[in-house]
Amino acid sequence: MASPAFEDIAETFAFLDDWEERYRHLIELGRAMPPMDPALRVPAIKVDGCASQVWLLPRIDGQGPAARFDFQGESDALIVRGLIAVLHALYSGLPLAEAARVDASAELARLGLEGHLSGQRSNGLNAMVARIRAFAAEGAGAV
C-alpha cells in the first residue's frame, strides 16, 4: 500500500492530460522539496548510474520495530529532483522492513513514467531505487 503522499501524486498524474503537464508537475514537486545542505553532498552518498548528479542520504527515525525510513535527496537536474520527490513520497515514513519490500516498479508504473523517461533517466531512477532499497534493508537488519 502506497503512502497518502504517493497516492496524491498518482491521482494528480492521472488527472493531468498530457506529458508536458506531468513533467511540469514533476519539476514542481522537485522545487518544493527542501534543499540538501551542500556540505552533505559527498561522494559516499552520490548515486552511481545517474547521468545527473544525485545524492541520497538515508535516515532512520526511531529505534527497534518502530523505526521508520526516511532520506534526503538532491540533484542538479530539475526533473531528477522531481523523481527524488516522488521516491520520497513512496518510501518516507515506512517501517524499515516495509520500505525494503516496496515494489517500486509497480508503484512507479502507475505514473506511466517508464515510457516517458530517457534511457539514462530510467537507469538513474532504477539506481536510486536500488540505493534506497539497500539502505532500508541494511537499516532493517541493524534494528
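1. Some ground rules before the details: helices (H or I, at least four residues) and strands (E, at least two) are DSSP runs, numbered from the N terminus. This is a predicted model, where local features need pLDDT of at least 70, side-chain atom pairs count only at pLDDT 80 or more, and totals for chains, interfaces and linings use all residues. Residues are numbered from 1 along each chain as its sequence is written, and side-chain values use heavy atoms, with hydrogens and water left out.

2. Let's start with E107, which sits in helix α5, residues 104–109. Its relative accessible area is 15%, so E107 is buried (buried means under 20% relative accessible area, exposed over 50%, partly exposed in between, with a 1.4 Å probe and protein chains only). The E107 side chain has a polar contact at 2.6 Å with the side chain of R110. For that term, read a pair of N or O atoms within 3.5 Å; within protein, one must be able to donate a hydrogen and the other to accept it, and residues adjacent in sequence count only if both atoms are side-chain atoms. Not counting residues up to four places away in sequence, E107 touches A2, F6 and L90 (contact means heavy atoms within 4.5 Å).

3. On to the core. A nonpolar core here is a set of buried Ala, Val, Leu, Ile, Met, Phe, Trp, Tyr and Cys residues joined through side-chain atoms within 4.5 Å. The largest one has 45 residues, and Y91, L108 and M128 touch the most other members. At least two residues of this core come from each of α1 (4–15), α2 (19–32), β1 (54–61), β2 (68–75), α3 (78–91), α4 (96–101), α5 and α6. With 10 residues, α3 gives the most. As background, nonpolar side chains tend to be buried together in soluble globular proteins.

4. Which residues does L108 contact, leaving aside its neighbours within four places in sequence? They are F6, V86, L87, L113, E114, L125 and V129.

5. The search runs on a 1 Å grid over the protein atoms alone: a cavity is a set of points where a 1.4 Å probe fits but cannot get out, a pocket is an open set with protein on both sides within 12 Å along at least five of seven lines, and lining residues have an atom within 4 Å of a point. Grid points are joined across faces, edges and corners, and a volume is the space filled by probe spheres set on the points. The largest pocket comes out at about 190 Å³. By class, the pocket lining has seven nonpolar, three polar and one charged residues (Ala, Val, Leu, Ile, Met, Phe, Trp, Tyr, Cys and Pro count as nonpolar, Asp, Glu, Lys and Arg as charged, and the others, Gly among them, as polar).

6. How many cavities of 30 Å³ or more does the structure hold? There is one, and the largest cavity has a volume of about 50 Å³. Its lining consists of C50, A51, S52, V80, L83, Q120, R121, G124, L125 and M128. The cavity lining splits into six nonpolar, three polar and one charged.

7. Strand β2 is worth a look at two positions. S75 lies in β2 and, at 6% relative accessibility, counts as buried. A polar atom of the S75 side chain lies 2.9 Å from the backbone oxygen of Q53, and one lies 3.1 Å from the backbone nitrogen of A77. Beyond four places in sequence, S75 touches S52, Q53, V54, V80, R81 and I84.

8. F69 is also in β2, and its relative accessibility is 1%, so F69 is buried. Setting aside residues up to four places away in sequence, F69 touches P58, R59, Y91, S92, G93, L94, L96, A99, I132, F135 and A136. F69 and Y91 are 22 residues apart in sequence, with their C-alpha atoms 7.1 Å apart.

9. Finally, is R101 buried or exposed? R101, in helix α4, is exposed, with a relative accessible area of 61%. The R101 side chain reaches the backbone oxygen of A97 at 3.4 Å. R101 and R133 are 32 residues apart in sequence and 7.6 Å apart in space, C-alpha to C-alpha.
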